[in-house]
Amino acid sequence: MQEPTFLLLTALADRPRHGYALGDEVAAISDGRVRLGAGSLYGTLDRLLAEGLIRVEREETVDGRPRRVFTLTPDGEQSLRTEADRLRSALREADRRLAAPRTRSAGGSA
């Protein structure tokens, strides 16, 4: 799973949000490291809709402009859980290796 997808699903894990709020939430979750432009944001949302990982919970009109509010589907929640488990496992392995004493690589130059 690509990081923007993971972050968008994470942003929807606690409550439904509209597109602009999702962009802000992704930036907050990533400490500002990931900022999705409108094209990337809405392109990814459209893909997640087509894959059945999110759905439009409701449509609103705010200041005369239409706004869609998105929420996770059960498949989206399961996909997020699976990816979070995968990342935790990789993190544990990275921590284990970083804590181990370093040895010289076999066949490497000294």
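1. **Buried residues of α1.** In this predicted model, helix α1 buries Thr-5, Phe-6, Leu-7, Leu-8, Leu-9 and Ala-11. What do these buried residues pack against? Their partners are β1, α2, α3, β2 (54-62), β3 and α4. Pro-4 also sits in helix α1. Pro-4 is partly exposed, with a relative accessible area of 27%.

2. **α1 against α2.** Helix α1 covers residues 3-11 and helix α2 covers residues 19-29. Their axes come within 9 Å and cross at roughly 110 degrees. An angle of 65 to 115 degrees counts as roughly perpendicular, so α1 is roughly perpendicular to α2. From α1, the contact uses Leu-7, Leu-8, Thr-10 and Ala-11. From α2, it uses Leu-22, Glu-25, Val-26 and Ile-29. By class, six residues of this contact are nonpolar, one is polar and one is charged.

3. **α1 against α3.** The axes of α1 and α3 are 11 Å apart, and the packing angle is about 75 degrees. The two helices are therefore roughly perpendicular to each other. On the α1 side, Thr-5, Leu-8 and Leu-9 make the contact. On the α3 side, Leu-41, Thr-44, Leu-45, Arg-47 and Leu-48 do. The contact of α1 with α3 counts five nonpolar, two polar and one charged residues.

4. **α2 against α3.** How far apart are the axes of α2 and α3? They are 10 Å apart, and the helices pack at an angle of about 105 degrees. That makes α2 roughly perpendicular to α3. Gly-19, Tyr-20, Leu-22 and Gly-23 of α2 meet Leu-41, Tyr-42 and Leu-45 of α3. Five of the contact residues are nonpolar, two are polar and none is charged.

5. **The buried face of α2.** Gly-19, Leu-22, Gly-23, Val-26 and Ala-27 are the buried residues of α2. Where do they sit around the helix? Seen down the axis of α2, they fall within an arc of 135 degrees, so they line one face of the helix.

6. **The nonpolar core.** How many residues does the largest nonpolar core have? There are 19. Leu-8, Leu-9, Leu-22, Leu-45 and Ile-54 have the most contacts inside this core. At least two core residues come from each of α1, α2, α3, β3 and α4 (74-99). Helix α1 supplies the largest share, five residues.

7. **Leu-8.** Which residues does Leu-8 touch, leaving aside those up to four places away in sequence? They are Leu-22, Val-26, Leu-36, Leu-41, Thr-44, Leu-45 and Leu-48. Leu-8 is buried. It takes part in the contact of α1 with α2, and also in the contact of α1 with α3.

8. **Asp-31.** Most residues other than glycine have a negative phi. Is Asp-31 buried or exposed? It is exposed, with a relative accessible area of 73%.

9. **Asp-63.** A positive phi also occurs at Asp-63, with a value near 55 degrees. Asp-63 is a residue other than glycine. Its place is the loop between β2 and β3. At 76% relative accessibility, Asp-63 counts as exposed.

10. **Arg-15.** The loop between α1 and β1 holds Arg-15. This residue is partly exposed, with a relative accessible area of 48%. Arg-15 and Arg-65 are 50 residues apart in sequence. In space they are 22 Å apart, C-alpha to C-alpha.

Methods. Residues are numbered from 1 along each chain as its sequence is written. This is a predicted model: local features need pLDDT of at least 70, side-chain atom pairs count only at pLDDT 80 or more; totals for chains, interfaces and linings use all residues. Side-chain values use heavy atoms; hydrogens and water are left out. Axes are lines fitted to C-alpha atoms, for helices over the stretch in contact, and angles run from 0 to 180 degrees between N-to-C directions. Helices (H or I, at least four residues) and strands (E, at least two) are DSSP runs, numbered from the N terminus. Angles under 35 degrees count as roughly parallel, over 145 as roughly antiparallel, 65 to 115 as roughly perpendicular and the rest as oblique. Contact means heavy atoms within 4.5 Å. Ala, Val, Leu, Ile, Met, Phe, Trp, Tyr, Cys and Pro count as nonpolar, Asp, Glu, Lys and Arg as charged, and the others, Gly among them, as polar. Buried means under 20% relative accessible area, exposed over 50%, partly exposed in between (1.4 Å probe, protein chains only). The arc is that of the directions from the helix axis to the C-beta atoms. A nonpolar core is a set of buried Ala, Val, Leu, Ile, Met, Phe, Trp, Tyr and Cys residues joined through side-chain atoms within 4.5 Å.
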